[in-house]
Amino acid sequence: MQAPLPSTEYVPPWRREWTDIQPTLLKMRRSMAALKSSPLRVMRVSQLDSDLLDVELFGMLKEQLWSAFSLFNHAIREKFEPELVAILSFLLYKFSIYDSAASYGAQLQNLKYRNERLHKGALESFAKDAPLTKTQKILYGLFMVGGQYTWSRLSRLMTTQGWGALDEDDTWKKAYNILQRAEKYWQALTLVNFLVFLFNGRFRTLIDRILQMRLVYAKKSLNRQVSFEFLNRQLVWHAFTEFLLFLMPLINLEKLKLKVSRMLLPKSYLASSQGYDQLPDHQCAICHEKSTTDASGAGTGAHIGQMEDLTVHNPYSANCGHLYCYVCLKSKITLYEGEWACLRCGERVESMEKYAEIVEDEECVDEKQDDGNEDSNKNELTSSGYIVGSDDLQD
């Protein structure tokens, strides 16, 4: 009996041809790398906007984090602030750069990172972008998250221990000088990199240049995925807000409020609703109003007439006849421009005049009374027809 032949897997003809042509295609790719091609241009404003969006997102999350720690001791947040910021930065890095090779701001701007080492020469504008390697992602996290955390902790340590105030021969002073010099060099290199970025638009930050990570369009057919509807709305509201800020100081809202209240409500209600019509005449209703407001704000809950003695000082009479302190009445008329209503009667107060009370001395009053009595006696005696003299009384 003949043994069955082993089954062979069927291979399409095109697959064999594709495998055979791979060496030729590899030579062609290598030859194309030496050729000149049109550079890939990515809008600089999109890359800068993505960085601003990332900063705004981090600020919002950081504010929510601080509000979550608001019920704890304030010293705890101050002590572990670098660690909390590092944890938040690591979470954002993990779910954005490490997982999808693009930050949240870059995704909103239709951008992503690619490995620029594999896009040199003619391959710069190649349709298929080379993904980031795992080494690039890890180094990016170490630089951005670990580097910022380390520098913040070193800055706190140098400040608390006073490394900058030590002697020049001290080891910590030398380390402090080295770190300060390194910071200056880093800032200078960052400035140079930014100027180069403005010229060619390739690497936005110095970390991106060191790691050869370049932001490119995620979708080639859609260069910039930005809706200007929100921007236009914000500009309109900003202009409207500035117009209101310019217009509101020109409008006396309290005057307008009093005018409308006087038009809609009767005078008797305006006077009796606050209870100042029951005050004695020698007490200033405006002073009572201020004291009531202060007491309500302080939470004492005092009522009218139960406070300190607020006697009218330098009394002035309004056109309705009620007395107030000069300073209180003058301030109300000036502030409300003749629209203020009297607290006692609700009448509109437009003018004021000094109140002068005529007070007679008691001796003068007694003398007048005595003179009046003598005159009356004389009149009575005269009317009777005779006047009794002192000699007659003695007899």
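Author: A nonpolar core is a set of buried Ala, Val, Leu, Ile, Met, Phe, Trp, Tyr and Cys residues joined through side-chain atoms within 4.5 Å. The model to which the term is applied here is a predicted one.

Reader: Which element supplies the largest share of the largest nonpolar core?

Author: This core holds 20 residues, and those touching the most other members are Cys284, Ile286, Tyr324, Leu329, Trp340, Leu343 and Val349. At least two residues each come from α12 (285–298), β3 (315–318), β4 (323–325) and α13 (326–336). The largest share, four residues, is that of α13.

Reader: Which residues does Ile286 touch, once residues up to four places away in sequence are not counted?

Author: Ile286 is among the core residues that touch the most other members. With residues up to four places away in sequence left out, its contacts are Tyr324, Cys328, Leu329, Lys332, Trp340 and Leu343.

Reader: Is Met248 buried, partly exposed or exposed?

Author: Met248, a member of the nonpolar patch, sits in the loop between α9 and α10. Buried requires under 20% relative accessible area and exposed requires over 50%. Because its relative accessible area is 37%, Met248 is partly exposed.

Methods:
Residues numbered from 1 in each chain as written. Predicted model: local features only at pLDDT ≥ 70, side-chain atom pairs only at ≥ 80, totals over all residues. Heavy atoms only, no water. Buried < 20%, exposed > 50% of the residue type's maximum accessible area, 1.4 Å probe, protein only. Contact = heavy atoms within 4.5 Å. Patch = residues over 30% accessible without salt bridge, like charges linked within 9 Å, V, L, I, M, F, W, Y side chains within 5 Å. Areas by Shrake-Rupley, 256 points an atom, 1.4 Å probe, with all protein chains shown as cover. Salt bridge = Lys/Arg side-chain N within 4 Å of Asp/Glu carboxyl O.
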